[in-house]
Amino acid sequence: MWNTPSGENWLLIHLNLIFSVITYWLTISLIPKFKRRFIQKNLFGFDLHKVKGPKIPEAFGFIVGLTYLVTLFIFSAIAFRQSILRDHNCPQKEFVESVAGLLCISCMLMFGFADDVLDIPWRYKLLLPSIASLPLLMVYYVNFNSTTVILPKFLRSTFGLSVNLGIFYYVYMGMLAVFCSNAINILAGINGLEAGQSLIIALSVCLFNIIEMFGEFWQPHQFSLFFMIPFVSVTLALLKFNWCPAEVFVGDTYCYFAGMTLAVVGILGHFSKTLLLFFIPQIFNFLYSVPQLFHFMPCPRHRMPALNEEKLLVASKVAFAKSELTLLGKFCIKILKIVKLLDSRESKDIMECNNLTLLNLVLIYSGPVREASLTKILLLIQVLCSCIAFTIRYPLASVFYGA
């Protein structure tokens with residue numbers, strides 16, 4: 001019989017939930033109060049999918065990030081104080097993990113806000129999450145340092161039950177932090193999408209944690225719930241103001257903050273591979289975007305959908321001379337045409353095709369739609385992919401890995 005969560009463990013989760021409800025209402029009240037201040041400081045933009053519109057304050061991920069961090073600071077102080085009073089000793093492992101997680105999230109919140117203000121080049125956007133994740137990797141090394149991966153049944157006859165990846169496992173976790181921090185930012189461009197997809201992923205993680213709380217290794221999932229429940233509350237508050245028509249923009253600040261928060265719970269909660277299953281749309285969008293992101297073919301600054309004469313969204317296009325294509329670019333275009341993922345027109349020297357994002361791909365197959373409808377379609381895809389993720393994690397995992 002294994003250890004099960006005590007009544008006090010569940011009490012802390014309920015206390016975290018109460019704090020999160022308070023944080024939701026606090027965030028709801030703070031956002032309107034800061035809208036004018038952000039505009040006064042020139043932190044605003046215009047909605048490119050509206051013909052005419054007012055100035056919209058951006059980088060509001062900074063406000064929700066601050067309320068999230070304050071909530072966790074206060075909750076952590078109360079939670080660890082109870083442990084110290086009960087056991088007369090601070091649970092150092094859990095305490096260090098919490099501090100490291102909060103440090104990484106704080107760093108990414110700062111980097112994201114700097115990006116919104118200074119417009120940091122893409123090469124640095126890949127570097128910053130790597131630096132911010134270092135405390136996370138160091139704590140993982142000191143407290144856990146497990147780099148062994150269990151192999152599927154069909155590989156065990158050749159390689160054995162498991163394989164030790166060593167340093168490559170830390171490279172993988174560092175890349176996970178970079179991917180999570182940028183994936184939400186890449187799948188963006190319409191009102192409500194960044195906050196909406198983050199909310200669905202976070203709710204999926206919470207459901208997974210609750211299921212695992214009744215298993216043998218419940219402690220990491222309690223840690224994850226402590227971070228995820230307040231994140232759900234602040235994201236829900238932000239989505240209220242970011243839904244179409246948006247009153248505020250989330251900015252890169254929120255995307256980096258959300259991505260790093262999810263990476264923290266995935267790494268320190270020891271379910272990084274399961275976390276990636278909840279990122280299926282983001283993984284597809286990244287792979288689909290690779291030819292443009294790595295400049296195998298021309299990549300415009302904005303790849304968001306375009307607005308037609310009926311004020312409906314349509315897939316945006318990029319036109320370029322065929323001579324601009326690299327050899328890899330020509331190969332990618334050929335493959336995308338074969339698998340029906342490219343809408344292209346070409347003449348003797350000029351080629352025009354859709355920008356390579358999941359949003360534009362959906363619009364190619366759906367036809368022109370309103371912005372709110374496109375957001376709903378993308379979020380429905382996110383929900384369906386979460387259902388697929390749970391199917392892979394439980395019924396299929398038992399088939400490939402055994403009970």
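**Legends to close-up views**

**View 1. D343, with 25% relative accessibility, is classed as partly exposed.** This class lies between buried (under 20% relative accessible area) and exposed (over 50%), computed with a 1.4 Å probe on protein chains only. The model is predicted: local features require pLDDT of at least 70, side-chain atom pairs count only at pLDDT 80 or more, and totals for chains, interfaces and linings use all residues. Residues are numbered from 1 along each chain as its sequence is written, and side-chain values use heavy atoms, with hydrogens and water left out. D343 pairs with K317 in a salt bridge whose closest N and O atoms are 2.7 Å apart. K317 belongs to strand β7 (residues 317-321), whereas D343 sits in the loop between α13 (327-338) and β8 (344-346), so the pair ties together parts 26 residues apart in sequence. Helices (H or I, at least four residues) and strands (E, at least two) are DSSP runs numbered from the N terminus. K317 is also partly exposed, at 30% relative accessibility.

**View 2. K322 and E346 form a salt bridge.** The closest N and O atoms of this pair are 2.8 Å apart. Because K322 lies in the loop between β7 and α13 while E346 lies in strand β8, the bridge ties together parts that are 24 residues apart in sequence. K322 is partly exposed, with a relative accessible area of 25%; E346, at 45%, is likewise partly exposed.

**View 3. K322, K337 and E346 belong to one salt-bridge network.** The side chain of K337 meets that of E346 at 2.7 Å, N to O. K337 counts as partly exposed, with 32% relative accessibility. The three residues are joined through salt bridges that share partners. The structure holds five salt bridges, each defined as a side-chain nitrogen of Lys or Arg within 4 Å of a carboxyl oxygen of Asp or Glu.

**View 4. Helix α5 packs with helix α10.** Helix α5 spans residues 134-143 and helix α10 residues 251-268; the angle between them is about 10° and their axes are 11 Å apart. Axes are lines fitted to C-alpha atoms over the stretch in contact, with angles running from 0 to 180 degrees between N-to-C directions. The two helices are therefore roughly parallel, a term for angles under 35 degrees. L136, V139 and Y140 of α5 make the contact with A263, V264, I267 and L268 of α10, contact meaning heavy atoms within 4.5 Å. By class, this contact comprises seven nonpolar residues, no polar and no charged ones. Ala, Val, Leu, Ile, Met, Phe, Trp, Tyr, Cys and Pro count as nonpolar, Asp, Glu, Lys and Arg as charged, and the others, including Gly, as polar.

How values were computed
Parallel < 35°, antiparallel > 145°, perpendicular 65-115°, else oblique.
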